[in-house]
Amino acid sequence: MSVMYLILPLALIVVFIAVIAFVWAARRGQFDDLDTPPMRVLHDDSEKKKAD
Amino acid sequence: MNLATDAHGTPAPGIVPCAHCGLEVPAGLIEDGAERQFCCTGCRTAYAILHEHGLGQYYAFGEKRDAPVEPTGKKYEEFDHEAFQSLYVKPLKGGLLTTELYLEGVHCSSCVWLVERVPLLLSGVVRAELDVRRARAHLEWDPSAVTLSAIAQQLDVLGYPPHPYRGVAAEEMRRKEDRAMLMRIGISGALAGNIMLLALAQYAGWFSGIEAEYERYFRIISLALTAPSLFGPGWLFFQGALASVRTRRLHIDLPIAIALLAGFTRGAINTVTGSGPIYFDAVGTLVFLLLSGRFLQNRGQRAAADAAELLGSLAPTAARVQDEQGERRVPVEALLPGMVMSVRAGETFAADGDVTEGKSAADCSLLTGEPRPEPLDVGTRVYAGTVNLTGPLLVKVTQAGEMSRLGALLRRMEESAKRRAPVVQLANRIAGWFVGVVLVLAAVTYLYGLRNDPARALDNAIALLVVTCPCALGLATPLAITVGIGRAAKTGILIKGGDAIEALNHPGLLLLDKTGTVTEGRVRLVRWEGSEAAKPLVAALERGSSHPIAVAVQQAWPVVALLEAQDVIQTIGGGIEGTVAGQRVVVGAPTFVARKTGAEEHAPDVRIDAFAEEGLTPVWVAVDGHIVARAGFGDPLRADARASIDRLRTLGWRVALLSGDHPAVVRATAERLGIDLADAVGGASPEEKLRRVEEARVRGTVVMVGDGVNDAAAIAAATVGVGVHGGAEASMSAADVYLSRPGLAPLVELVEGARRTMLVIRNNILFSIAYNLLGASLALFGILDPLIAAVLMPMSSLSVVYSSWRGRTFETTVARRAAVAASSGIPPLEPAR
């Protein structure tokens with residue numbers, strides 16, 4: 001069971017990294033507009049097709 | 001590509017679709033042999049631009065415009081003016097400029113595609129990005145290569161008329177708040193999840209045994225995870241509680257903060273001493289759940305406020321000024337007293353002033369609520385916001401901007417909105433006695449424990465504090481209101497605050513503006529007595545005029561045979577005359593027609609009074625010197641007005657009319673609506689409306705429903721202000737609720753929906769209190785297992801979430817929406833717009 005002393009801190013470090021990533025994204029405004037980007041994705045694809 | 005299938009794959013048989021917007025091309029505009037057909041020049045131009053620049057793949061997208069392109073044809077010179085640029089344009093690094101414009105008519109992914117590509121065709125435009133939900137375009141450009149007016153014209157040609165967006169600063173602040181709240185939720189959610197995992201291990205150990213060493217280890221790590229959650233994201237509740245204590249206004253945050261702090265402190269002490277329960281899983285989950293509830297509520301209210309605010313950006317932004325250098329357009333912000341504005345027919349006055357040249361009529365309904373035009377002559381005072389109807393005018397500016405009558409009215413509106421006492425939410429009222437009861441119970445538990453089991457007395461008291469944390473109570477209101485506001489928005493009712501929902505549950509006085517609210521707000525041909533043969537003659541005569549009567553005729557008979565009228569003369573305040581098909585036709589006020597036909601000496605026409613009694617404006621028609629027909633024009637009642645008002649009355653509201661229109665007309669309207677004549681007030685100025693609302697507020701709930709600027713101050717002062725479809729921007733920004741569907745039926749839906757929402761809130765609160773009672777009585781006798789507490793708490797929150805979600809508040813079934821669309825012809829406004 002002493003593996004707990006290793007695994008738990010490791011798991012918490014992973015969580016910490018995830019939280020940092022989320023905060024970074026929120027701060028950069030990634031969640032400000034959740035409607036337009038999904039529409040834009042389709043457009044970029046069709047433009048590439050045209051370039052081919 | 002075959003005939004005009006660009007817009008929609010397969011054209012319906014018999015209908016020729018427009019190659020750009022896909023709507024039917026009117027028979028008169030179909031060009032024989034042309035490869036593509038267009039319903040209007042706007043669509044034709046847009047199509048040409050797209051093809052010229054190789055953007056034809058626009059037509060491959062499934063979604064299409066739902067309206068023809070109608071460019072305003074404006075030049076937008078004012079966008080390049082210093083005064084405009086200093087207000088709305090910000091410099092960027094590298095000499096670039098940036099601004100945000102509100103675009104009319106964006107709604108789908110094709111719009112995103114167009115708006116983000118077409119401006120880039122102009123050299124000098126660096127960036128164009130659209131936020132569809134907020135209908136806002138973010139632009140960056142190089143001022144040495146391109147002007148903002150050129151970009152604006154480009155967008156206008158495509159059918160997205162741009163407007164300066166006035167709320168950038170406020171928006172920036174809200175965006176920061178939103179991001180901060182999102183971070184709090186993210187952090188507290190991650191921590192809560194991990195605390196729960198650790199708690200699971202400990203509960204498992206509680207059943208099957210766990211070595212003391214590991215139990216201690218888990219407890220310490222739980223503590224290390226709970227502290228940042230409580231003092232980081234959870235700090236919000238302590239701030240709320242402190243503010244509540246300081247202002248002596250009870251708030252739900254106070255009992256929440258007490259429970260969180262008590263649970264955490266005791267848990268921390270027990271962790272150090274190594275015995276007794278820790279409450280970390282409860283504390284961590286509470287912080288996360290409560291923050292989420294709050295975030296959802298803010299978001300729902302904001303979406304509704306945003307939608308109304310956008311409509312507010314539609315005010316005129318420019319005026320045409322005449323000076324030594326000739327005529328030029330300047331932004332309204334640059335207008336100064338003494339300048340001379342030239343105002344064409346159909347334009348809105350941008351400032352207060354005196355007419356110095358020209359004759360016309362003004363539509364002052366914005367300020368007075370009176371739909372009938374007022375004559376304008378040299379020396380007449382005109383006001384900002386009113387519309388010049390018939391002829392070009394020169395106006396010397398006397399007051400501009402904030403100093404104008406409109407500006408002063410808006411200022412009063414803001415003041416009364418600030419003075420207004422907020423509605424105390426039910427949950428916060430309950431929080432008051434909740435704190436008292438819980439503290440007394442905790443003390444009783446402690447004293448009772450001291451006598452029987454002193455070792456566990458304190459733990460039992462703390463357990464009671466934690467288990468009675470009003471988590472469900474704190475979620476009860478926000479969740480029910482969020483769901484209610486979201487569903488209301490789907491049916492076209494935009495509710496900007498939860499307060500309105502609570503206030504609408506206390507029936508009181510409901511004041512309705514007349515023009516535009518219970519009536520359609522437009523002059524219409526209501527009655528026609530006499531010769532049918534005269535109709536085409538009148539239609540031909542009125543075709544070229546922009547007078548409200550003429551517009552009403554054009555609407556009444558849009559397709560009456562196309563005769564030509566010659567030598568048309570319009571007399572302001574009189575009527576119109578001309579020669580149609582060789583006959584001399586005179587249409588106008590009875591006295592005017594009598595004078596023209598030489599019938600002046602006859603006895604006064606009795607029909608005039610008969611028309612006036614019904615609130616109709618009489619217009620007589622004479623052909624070759626003989627009166628052949630009598631027409632009555634008026635502002636008809638909305639079809640659903642009577643039924644809606646009756647329904648509101650049965651719900652307990654006293655319905656009254658408060659109008660700026662002539663008292664006689666208001667009385668006639670009241671009679672037809674079954675409203676007590678004592679409750680029908682006419683001739684009320686905006687100031688008097690405000691005074692009446694403020695007086696009535698002393699006696700109870702006042703709901704003010706209106707559409708005009710003349711109602712704005714009263715709307716802001718009322719307990720709940722409601723702006724109706726087609727209203728002026730000021731009334732919308734002042735209103736707590738905006739009805740984006742025409743008619744009074746949405747008003748009834750609002751009141752009924754608010755009642756049902758409140759029912760859900762009450763049920764939620766009952767639920768949560770029942771759970772708290774159960775938990776409290778278990779804790780009181782010291783038989784509350786930590787495990788039972790851990791199950792009880794999320795159970796109460798979940799049942800509140802469930803009941804909020806399935807509560808039938810505002811109806812949104814497909815059938816209901818279809819009925820709405822069919823009856824109004826207007827698609828319900830989706831919240832995403």
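Predicted model: local features only at pLDDT ≥ 70, side-chain atom pairs only at ≥ 80, totals over all residues.
Where in chain B is B:Pro470 found?

Residues are numbered from 1 along each chain as its sequence is written, chains are lettered from A in the order in which they are written, and side-chain values use heavy atoms, with hydrogens and water left out.

**View 1. The surroundings of B:Pro470 in chain B.** B:Pro470 is found in the loop between helix 13 (457-467) and helix 14 (471-490) of chain B, where helices are DSSP runs of H or I with at least four residues and strands are runs of E with at least two, numbered from the N terminus. With a relative accessible area of 1%, B:Pro470 is buried (under 20% with a 1.4 Å probe, protein chains only). Not counting residues up to four places away in sequence, B:Pro470 touches B:Ile252, B:Pro255, B:Ile256, B:Phe434 and B:Asn772 (heavy atoms within 4.5 Å). The C-alpha atoms of B:Pro470 and B:Leu254 are separated by 9.8 Å, although these residues lie 216 residues apart along the chain.

**View 2. An open antiparallel sheet of 6 strands in chain B.** The strands follow the order 7-6-8-14-9-12, two strands being paired if DSSP finds at least two bridges between them. Strand 7 (326-331) and strand 12 (381-382) of chain B stand at the edges with a single partner strand each, so one side of each is left without a neighbour in the sheet. Strand 6 (residues 318-323) of chain B runs antiparallel to strand 7 of chain B and is joined to it by 6 bridges, and B:Arg320 has B:Arg329, in strand 7, as its bridge partner.

**View 3. The interface of chain B and chain A.** Here 32 residues of chain B are in contact with 28 residues of chain A, and the area buried between the chains is about 2600 Å², of which carbon and sulfur atoms give 62% (accessible area, 1.4 Å probe, lost on putting two parts together, summed over both). The rule finds 2 salt bridges across this interface (a side-chain nitrogen of Lys or Arg within 4 Å of a carboxyl oxygen of Asp or Glu). B:Arg179 forms a salt bridge with A:Asp32, the closest N and O atoms being 2.4 Å apart. Helix 3 (109-117), strand 3 (125-131), helix 5 (168-208) and helix 6 (212-231) of chain B each supply at least two residues of the side that touches chain A, and the largest share, 9 residues, comes from helix 5 of chain B.

Methods. Buried < 20%, exposed > 50% of the residue type's maximum accessible area, 1.4 Å probe, protein only.
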